[in-house]
Amino acid sequence: MMKNNPYLPVSAPITKITKETDIDYTFRLACDIKPQNGQFLEVSIPRVGEAPISISDFGDGYIDMTIRRVGKLTNDIHELKVGDKLFIRGPYGNGFPLEQYKGKHLIIAAGGTGLAPVKSIINYFYKNIDELKRFDLLIGFKSPKDVLFEDEINKWKEKINVTLTVDKGDENWEGNTGLITKYVPDIKIDNMKDTEVIIVGPPIMMKFTSMEFLKLNVPEKKIWVSFERKMSCGIGKCGHCKIDETYVCLEGPVFNYTKAKDLID
Amino acid sequence: MGYQLLNKDFNDILNQLKSEYKIYGPKRFENKGRFSDTDVIGYGEIDKLEDIVLDEKTYFSPKEIIYPIRQTLFYFTEDEVKVPDAPEDKVIVFLRPCDINGIKRLDTIFLENGPYKDVYYERLREKVKFFMIECTEGFDSCFCVSMNSNKTHDYAVAIRFNEENVLIDLKDRDLLEYFENYGKAEEFTPEYIKENKAKVSIPYPEKVTNEMFEHEVWQEYTRRCIGCGRCNTSCITCSCFTMQDVYYDANKKVGERRRVWASCQIDVFTNMAGGHGFREKQGQRMRFKTMHKINDFYKRFGFHMCVGCGRCDDVCPEYISFSKCINKLYSIVEEGNNDEK
Ligand code: SF4
Ligand code: SF4
Ligand code: FES
């Protein structure tokens, strides 16, 4: 077998499956990968396909990935049981600069499945809340049935200022409604210099949410986003993730806003 | 080392080389052309000098010799992953300077971009020796001189084809044993084309601002380009691919993972699982391709990706000219000329 073959996946057994919603399941894999927060893996079922999936959480000997059923591969992944294997390679991409957030007022705005790539950061600071001055978390979903990680969100509320909203509620929904952007102006920011903002979600959500924070005079360099692209290889060869001279799989998926604003598809 | 060899001696040498090498060159494929009863010139194995077509440009580039259209990365059985063995044959390719320079661009992506080498590319690439066809005339659509890719010294052998004989500059000492018993010693230094019929001026990368992205010049391509992707498949420097899994049996137990060439001009290039894509309009895709070829790649590596082989112009069913597109950009960026021409 070829040595140093970067395309070669390794198998990892599924040790736990959590149904978050009808179409989003979290898979826990036993493996020794020590990723940075915000990195992704290429995940595959041999003979079916491979796709980039962001790591939603990790710990000693495991990683979690929240996978939405959207096509052939993810449909098949959802059929798997505990004890079955997924094939993985990675981790790839950069991550969020966690160290830079310590000691600051951290604001995370996550829309929909965009919550997955920042979940490990939320959990890190939930456990180490003393390392932040203040922590505001804005989470938005389309509707009540799309809410991910509900138990954890409730747990986070103990220590974090969580605002959970859905675009549109239903008869049983008693919480906030409306887009995330609506709740941005409510956040109290005392000192811009000591503030860091992470925004992750669909492209349009990231665009308008960034604009809201800029209106509050948050400097561009204090805003961080994470891009989702078709990343076929993850290692700078296939060209699918390229925007201008930037390869999202190499220089991203996490970008500072000063760079992200100039990336035009 | 320079030699003059009679054509028949050169053919003798080719014959002997064939025991050790697969030999590829530009040759005629009858009735495979765009229109019925026309031929296409492409790359294939050749036996003798007379097989090599010199008076027409190849429709496809030689890239598939080192970067196949479809390449198996692994075979999967139920519990085994197997990497296919590398082909054993060493390879000789007859090609022009622009294409040798084009392969440098492929080397850059596959061997230098990102933290890993692409081992599948590398194991084919390291088997290849270039037999450079001296090129002093070019063809109508070539603009290699403007792209600075009309010259190269990276060859095993350079050849000038005369009526009765060939002149050889032999650089690769491994091949000496094949040549030294033939012909007579004669100094030979290949010449290179100095001026093409087509010329381009490339806007200075720093001057291409984001405003250029929104410019109306791209709309023309939204109207004209049909997104067939031929410009990509014929290009010596287009390197993009998509990973693809297939199974051979009904219960999905046996199959393979492979990569296949991908085209940035085609609909699904950016589509993610679930269907969301970027750059929906052909004009945006043309802009993306153009920028990659004469701007983005340069910013990463310090030289342009496009080598000016002109094949994208030759193969486009809509007669879209890439060299004209570059010149239009130049006139907009450098001369502030905003009229649509
Ligand atoms: S972009 Fe066109 S001219 Fe440039 S290398 Fe590719 S096919 Fe040749
Ligand atoms: S060959 Fe011409 S029509 Fe086809 S994708 Fe390229 S530019 Fe468009
Ligand atoms: S995912 Fe293939 S180049 Fe980035």
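In the predicted model, the C-alpha centres of domain 1 and domain 2 of chain A are separated by 21 Å, the two domains spanning residues 10-92 and 98-260, respectively, with bounds that come from an automatic or database domain assignment. Contact between them (heavy atoms within 4.5 Å) involves 19 residues of domain 1 of chain A and 22 residues of domain 2 of chain A. The area buried between these domains is about 1600 Å², of which 54% lies on carbon and sulfur atoms; buried area is here the accessible area (1.4 Å probe) that two parts lose on being put together, summed over both. The interface holds 1 salt bridge, defined as a side-chain nitrogen of Lys or Arg within 4 Å of a carboxyl oxygen of Asp or Glu. A salt bridge also links the side chains of A:Asp57 and A:Lys119, at 3.8 Å from N to O.

Residues are numbered from 1 along each chain as its sequence is written, with chains lettered from A and ligands numbered from 1 in the order in which they are written. Local features need pLDDT of at least 70 and side-chain atom pairs pLDDT 80 or more, whereas totals for chains, interfaces and linings use all residues, and side-chain values use heavy atoms, with hydrogens and water left out.
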